Amino acid sequence: MSETSICDMTALQMRAEIAAGHLGAREVVQAHLARIERWNPAINAIVTLDAEGALRQAAQADEAQAAGKPLGLLHGLPVAHKDSFLTAGMRTTYGSPVFRDFVPTRDSVVVERQRAAGAITLGKTNMPEFGAGSHTFNTVFGATRNPYDRSRSAGGSSGGAAAALAARMLPLADGTDMGGSLRNPAGFCNVVGLRPSPGRVPNLPSAASYGTLTVAGPMARTVSDAALMLAALAGADARDPLTIEQDPRRFLDPLERDFGGVRVAFTLNWGGLPVEPAVTQVLQAQLPIFEQLGCALEEACPDFGDADAAFHALRAQQFAIAQGDTVRNHRDRVKQTVIWNTELGWSQPAERLVRAERERTALFERMHAFMQRHEFVIGPVSQVAPFNVDLEYPLEIDNMPMMNYIDWMRSGYYISLTGHPAISVPCGFTADGLPVGLQIVGRHRDEWGVLQMAYAFEQATRFWQRAPVL
């Protein structure tokens, strides 16, 4: 098969062709390495590449298959890991000059599980420094560009992963999400990003194992591929105090479902947030799809109360925990937004954290009550379409000034605060050809329902099939 025909396959298609003996892992890896060599210089999604090691892994995978050994869920599939995940023997920079040459001796659990499932590690994907912000750029590797328009941002912080998927340089990828970092780049790049419930995917090692804001999860071009990746990543781990005791093989079941009579709430602005008209227009055009699926659609939105203050306080605390030593010891080598967020964590009074925890609890209670009346709530992933890659962040939305570097991503971090599972699925394109994502939020710990709804929408629209013209 040609490089293009292989790289255009879904992960499930590749896996089936390998299992049937029609493709070898080496052939699949070679096709993706050729794709990376051709297109990565223009997009800058893959920032560390080990082609020799990947081909060696692929040869071992083919030999194991020839010997009749059982095939893992991700057997022979090429992956690259977000540059915040530890990779034994391969550098992990966190997008920071402080860690430019850091080579860990262990893997993060997310990496361990992909290796155990038979995936082939090609390298690492780009991210903003320490994952701070939803635009992928740093002083180590530069900016990642959107494959649909290279003058635009690919989003972040899992922006390298999303851009690599969109450009068909990878069939699957991983990422993390604190305030939208799996969902926002997926929406910007016309791929799928799932933010699981805290504890669904062990996010270890971590400096804050009891924290619920940051989760690890899957990215892919289709919902079915995201479900496959989730099945490989999820599962209980005794080292994670939040771990969910549920068999991850559930995510391998067929995703088809009858949505007749299912109550779905929709919001175009998540309770009054500024949203670019171009984004709103794309979403409005697709609302009839849910009625065609048989859903009972109603305009309604949860009450997010004082979510902004709560999220900023809890986020600052997490930055102080995770980046405090780095800021203290290497202040002159860390970007200003990281310093700001970390120092806010150091200086905020205890009363602010008390209020934040009370508000988060009250918000969850309100969200739970709302989700008893509606099985899903849908709305924009991001409040803006992909913006100029040279901007650090959008300074205003629809003439409303943004107060800080994450103010434009409230549509993402509101949901992070509640802990409900949420997915970004391709929803269409603006008049300028820029991708827009639809966010689907489900009930507490109901990733399965979220995947089913996203799959139904994807099958009805098939926007994922519109590849970038590279």
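Here are some questions and answers about strands and helices in this predicted model.

Q: What makes strand β8 (residues 215-220) count as largely enclosed by the rest of the structure?
A: Buried means under 20% relative accessible area. Six of the six residues of β8 are buried, so the strand is largely enclosed by the rest of the structure.

Q: How do you know that strand β6 (residues 172-177) pairs with β8?
A: Pairing takes at least two bridges between the strands. Six bridges join β6 to β8, and the two run antiparallel. To find your place in the model, look for L172, which stands opposite A220 in β8.

Q: What makes strand β7 (residues 192-195) a partner of β8?
A: With at least two bridges needed, the two bridges between β7 and β8 meet the requirement, and the sense is antiparallel. Here G193 stands opposite M219 in β8.

Q: Why are helix α8 (residues 223-233) and helix α14 (residues 447-461) called roughly antiparallel?
A: Their axes cross at roughly 155 degrees and come within 9 Å. Angles over 145 degrees count as roughly antiparallel, which is why α8 is described that way relative to α14. On the α8 side, V223, S224, A227 and L230 make the contact, while α14 brings E447, L451, A454, Y455 and E458.

Technical notes
Residues numbered from 1 in each chain as written. Predicted model: local features only at pLDDT ≥ 70, side-chain atom pairs only at ≥ 80, totals over all residues. Heavy atoms only, no water. Buried < 20%, exposed > 50% of the residue type's maximum accessible area, 1.4 Å probe, protein only. Helix = DSSP H or I, 4+ residues; strand = E, 2+ residues; numbered from the N terminus. Axes fitted to C-alpha atoms, helices over the stretch in contact; angles between N-to-C directions. Parallel < 35°, antiparallel > 145°, perpendicular 65-115°, else oblique. Contact = heavy atoms within 4.5 Å.
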